[in-house]
Amino acid sequence: MHRAVISETTAAPRGSHRAPGGVVTVLVPAHNESAGITETLISLNNQTKRPDRVIVVADNCTDDTEELALAQGVEVLRTVGNRDKKAGALNFALGQLLPGADPEDLVLVQDADSQLAPDFIENATNNLLKDELLGAVGGVFSGGPGGGFVGHLQRNEYARYARDVKRLHGRCLVVTGTAALFRIKTLRDVVAARLNGTLPPGNGEGGVYDTSVLTEDNELSFALLTLGYRIASPSNCTLVTEVMPTWRELWAQRLRWKRGAVENCVQYGWTKVTRAYWGRQFLSMLGVLVTLAYLGSIVFALTSGMGLNLHPFWLAVTCIFVLERIVTLRFRGWRYMLLAATMYETVIDVFLQAVHAKAYLDAALNRKKVW
């Protein structure tokens, strides 16, 4: 059983405006986020459309996250005994919020290590209010500073993601948990569907987020699509999020993302919603096999004395890959594009393929999940 209390020193909600379509409440789940919580809350305070309430959901914090949040004049909701990580903390907060809210009110869920662009809430609200079937509006993120070489590679990766989303006019596969805006009535639909069996039961108590999965944002995206909603990440809803500072932490993050995505597909089965996701999983597995064959053939050629021979066909294929690396990095400028032509990013491509292979193996063998 999970319990939570509102901190006795909770600050009063800041005076603000009532946004078109309803009150905008921001939930910021935070577990020992003292390093970035202040910057995150400042970005909320600087919004062109300020939220009516900001609630930091302090989950098992042992640092001064709560004190830093209160110093910024926001509310703090403290969980006690939560063992379901971010999803459990959000379920508790939403359990407090949903019953008394107007159906047209809006909820923004934002990670504590991310900073919104000043017009994020304004743009996300406008996008959501224009389309009744839009179930959620997510953000398009770029990588924050730091992390050395591995951080640099992630910033390139995020820049390519932003380009893809822009080319698709905001169409996305997942509404990222980094920042996403929902209507209250949409989240209530999810709760009802979990209780009546239309959706996976999640925590079995009508929680919005499924606490049994590794990627709760991916699962919620599946849930919204299954209920007939659309999801989007408009290019004018941008934010900056932290990058993993080490290869070890990047491995752990991506292993969780990948295995979670695979298991979400298994959870929902083969449906008209999940077909595209299964297709991506198939392509990912194919990519792992091609990478293994490619690297294996090079090792065999070098160790067997056959040596490497260049063929026009494979040179042409390589040129296509090089061109793809250059063009897809145009958001970062010409210096980064020129550098990409050296194919130095192959290191993270191979790294991620290894992560994918490990995720598939862990899921197939039902190994213990690690957050």
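Predicted model: local features only at pLDDT ≥ 70, side-chain atom pairs only at ≥ 80, totals over all residues.
Residues are numbered from 1 along each chain as its sequence is written, and side-chain values use heavy atoms, leaving out hydrogens and water. Helices (H or I, at least four residues) and strands (E, at least two) are DSSP runs, numbered from the N terminus.

**Around H9**
- Buried residues (under 20% relative accessible area, 1.4 Å probe, protein chains only) in H9 are Tyr 277, Gln 281, Ser 284, Gly 287, Val 288, Thr 291 and Ala 301.
- Their cover includes helix H7 (216-226), helix H8 (247-268) and helix H12 (346-365).
- Just after H9, Gly 305 adopts a positive phi of about 85°.

**Gln 253**
- Helix H8 holds Gln 253, which counts as buried because its relative accessibility is 12%.
- Beyond its neighbours within four places in sequence, Gln 253 is in contact (heavy atoms within 4.5 Å) with Gln 154, Tyr 158 and Met 244.

**The sheet**
- An open sheet of 3 strands runs in the order S6-S11-S8, with mixed pairing (strands pair if DSSP finds at least two bridges between them).
- Strand S6 (114-116) and strand S8 (140-143) are at the edges with a single partner strand each, so one side of each lacks a neighbour in the sheet.
- S8 and strand S11 (residues 238-241) run parallel, joined by 4 bridges.
- Phe 141 lies opposite Leu 239 in S11.

How values were computed
Buried < 20%, exposed > 50% of the residue type's maximum accessible area, 1.4 Å probe, protein only.
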